[in-house]
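Hi,

Here is the structure I said I would pass on. Have a look at it first, and then read on for what turned up.

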Amino acid sequence: MPYAKRELTEAEKEAFISSNQFGVLAFGGDKPYAIPVAYKYIKGTMVFVMLRTGRKMDYINRNRNVCFNIWQLGEQTSVPSLKDLRYISILFEGELEEVTGSDWSYYELPQPPEGVDLVAFRLKTTNVGVSAAAQT
């Protein structure tokens, strides 16, 4: 079945990003690595909270340049004007920056429980690509 590209309005993009919670965070390097992560879209910024352990932290410590992708089938989205689309995908390119100190409360992030070593990163976006296809 053929598909036609469709542009999203700024309001549709904001609604789509705000209505989702999960995406795939991808790292480059000799051995590329991509992981599913939860995010919060707060005050126009992607924020990720994660444990300060594991392979992802090795990649983050080596290079903070990342791609982050949110996608969904149109029929599954909660954004009414996008339901007729085959799919919606938004790809963010940028650099992770650690959220520290009072910025935790600025982004409305709960303080981690005692003994849990969480870290938060905001995505300083340098490029955003949008792909949406309508059935023709």
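**Aromatic rings**

Phe 27 and Tyr 33 are both buried. Please keep in mind throughout that this is a predicted model. The rings of Phe 27 and Tyr 33 form a stacked pair, with 6.1 Å from centre to centre and 25° between the planes. That pair is one of seven aromatic pairs found in a search of the whole structure.

Another of the pairs is made by Tyr 106 and Tyr 107: the ring centres are 4.9 Å apart and the planes stand at 80°, so this one is edge-to-face. Tyr 107 counts as buried because its relative accessibility is 6%, under the 20% cut-off. Tyr 106 has 42% relative accessibility and therefore counts as partly exposed.

There is also an aromatic cluster, formed by Tyr 39, Phe 48, Phe 68 and Phe 92.

Two charged side chains sit over rings as well. The charged end of Lys 43 is over the ring of Tyr 106, 4.1 Å from the ring centre. The charged end of Arg 62 is over the ring of Tyr 59, at 4.6 Å from the centre.

**The two helices**

Those last two residues belong to helix H2, which spans residues 55–62, and Tyr 59 is buried there along with Lys 56, Met 57 and Ile 60. Looking down the axis of H2, the buried residues fall within an arc of 160°, so they line one face of the helix. Arg 62 is on the face turned away from that buried side, where Asn 61 and Arg 62 are exposed. What do the buried residues of H2 pack against? The answer is a set of strands: S2 (22–27), S3 (33–38), S5 (45–51), S7 (85–99) and S8 (118–135).

Helix H1 (10–19) has Glu 12, Lys 13, Phe 16 and Ile 17 as its buried residues. Down the axis of H1, these buried residues fall within an arc of 125°, so they too line one face of their helix.

**Strand pairing**

S7 and S8 run antiparallel and are joined by 14 bridges. Leu 91 stands opposite Gly 129 in S8. S8 also pairs with S5 in the antiparallel sense, over five bridges, and Val 49 stands opposite Ala 120 in S8.

Arg 122 lies in strand S8. Is Arg 122 buried or exposed? Its relative accessible area is 12%, so Arg 122 is buried. The side chain of Arg 122 makes a polar contact of 2.5 Å with that of Glu 97 and another of 3.1 Å with that of Asp 103. Leaving aside neighbours within four places in sequence, the residues in contact with Arg 122 include Thr 45, Met 46, Val 47 and Tyr 107.

Asn 20 is in the loop between helix H1 and S2. With a relative accessible area of 13%, Asn 20 is buried. A polar atom of the Asn 20 side chain lies 2.6 Å from the backbone oxygen of Phe 16. Not counting residues up to four places away in sequence, Asn 20 touches Tyr 39, Ile 70 and Gln 72.

Ile 70 is buried, with a relative accessible area of 0%. Beyond residues up to four places away in sequence, Ile 70 touches a list of residues, among them Phe 16 and Ile 17, as well as Tyr 39 and Phe 92. Ile 70 and Val 37 are 33 residues apart along the chain, and their C-alpha atoms are separated by 10 Å.

How values were computed: Residues are numbered from 1 along each chain as its sequence is written. This is a predicted model: local features need pLDDT of at least 70, side-chain atom pairs count only at pLDDT 80 or more; totals for chains, interfaces and linings use all residues. Side-chain values use heavy atoms; hydrogens and water are left out. Buried means under 20% relative accessible area, exposed over 50%, partly exposed in between (1.4 Å probe, protein chains only). Helices (H or I, at least four residues) and strands (E, at least two) are DSSP runs, numbered from the N terminus. The arc is that of the directions from the helix axis to the C-beta atoms. Contact means heavy atoms within 4.5 Å. Two strands pair if DSSP finds at least two bridges between them. A polar contact is a pair of N or O atoms within 3.5 Å; within protein, one must be able to donate a hydrogen and the other to accept it, and residues adjacent in sequence count only if both atoms are side-chain atoms. Rings of Phe, Tyr and Trp (its six-membered ring) pair if their centres lie within 6.5 Å; planes under 30 degrees apart count as stacked, over 60 as edge-to-face and the rest as tilted. A charge sits over a ring if NZ of Lys or CZ of Arg is within 6 Å of the ring centre and within 35 degrees of the ring normal.
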